[in-house]
Amino acid sequence: MNNAQEFLPINISVVTISDTRNLENDKSGDVLIERATKAGHKIILREIVKDDFNDISDLFTRLVQNKNIDVIISTGGTGLTGRDITPEVMKTLFEKSIDGFGELFRYLSYSKIGTSALQSRALAGVTKGKYIFCLPGSPSACKDGWDEILAHQLDVRHKPCNFVEIMPRLQEHKISRIKS
């Protein structure tokens, strides 16, 4: 990391997708908030939403329209059971997917949990100039996702490149269409 550049805090929303979590027992959401805050970022909103396609879609649609939010990090709903629908919802919302996020997450998970990493459907994408990162619902997965990937990619000082430095350019495709 090149410390010559000044740290740039970003505005984050944390969403827990679960039928069983509330603010008192949402350890995964707590992990993400603690780590993002400790890194110097600002938590704008924290939400808990049930595993319901329309509820998740409506919440994320509202969040990506919020001009005060740069990044949305969710936890939960990325497994294989019938109620795990986070990837299916996100695929209807993403303008672009960040395939490497899920691939890297599973690679890192493999070193800790072996072939069980195959069960993770962690994913990420971009919508309306906002990054959306979807992590599994366990505190350990949230720690790994933050510590091993997001802490670096959400820090403008991380080199050779990071997600923060390209944030202003995420909607260039819309500008070029308007000019044509």
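1. The crossing of helix 4 and helix 5 is right-handed, a term used when the near helix is turned clockwise from the far one by less than a right angle, anticlockwise being left-handed. Helix 4 covers residues 99-113 and helix 5 covers 139-153, where helices (H or I, at least four residues) and strands (E, at least two) are DSSP runs numbered from the N terminus. The two helices pack at an angle of about 115°, with their axes 10 Å apart; axes are lines fitted to C-alpha atoms over the stretch in contact, and angles run from 0 to 180 degrees between N-to-C directions.

2. This is a predicted model, in which local features need pLDDT of at least 70 and side-chain atom pairs count only at pLDDT 80 or more, while totals for chains, interfaces and linings use all residues. Residues are numbered from 1 along each chain as its sequence is written, and side-chain values use heavy atoms, with hydrogens and water left out.

3. On the helix 4 side, F101, L104, F105, L108 and K112 meet A141, D144, G145, E148, I149 and L150 of helix 5, contact meaning heavy atoms within 4.5 Å.

4. In helix 4, the residues F101, G102, F105, L108 and S109 are buried, that is, under 20% relative accessible area, with exposed meaning over 50% and partly exposed in between (1.4 Å probe, protein chains only).

5. Two backbone details deserve a look. K128, in the loop between strand 5 (123-127) and strand 6 (130-135), has a positive phi of about 50° although it is not a glycine, and at 35% relative accessibility K128 counts as partly exposed. A cis peptide bond, with omega of about 20°, joins K159 and P160, and P160 is found in the loop between helix 5 and helix 6 (172-179).

6. That loop between helix 5 and helix 6 also holds L154, which counts as buried at 0% relative accessibility. Leaving aside neighbours within four places in sequence, L154 is in contact with I10, I12, H41, V71, I73, F133, W146, F163 and V164. The C-alpha atoms of L154 and A36 are separated by 9.4 Å, although these residues are 118 apart along the chain.
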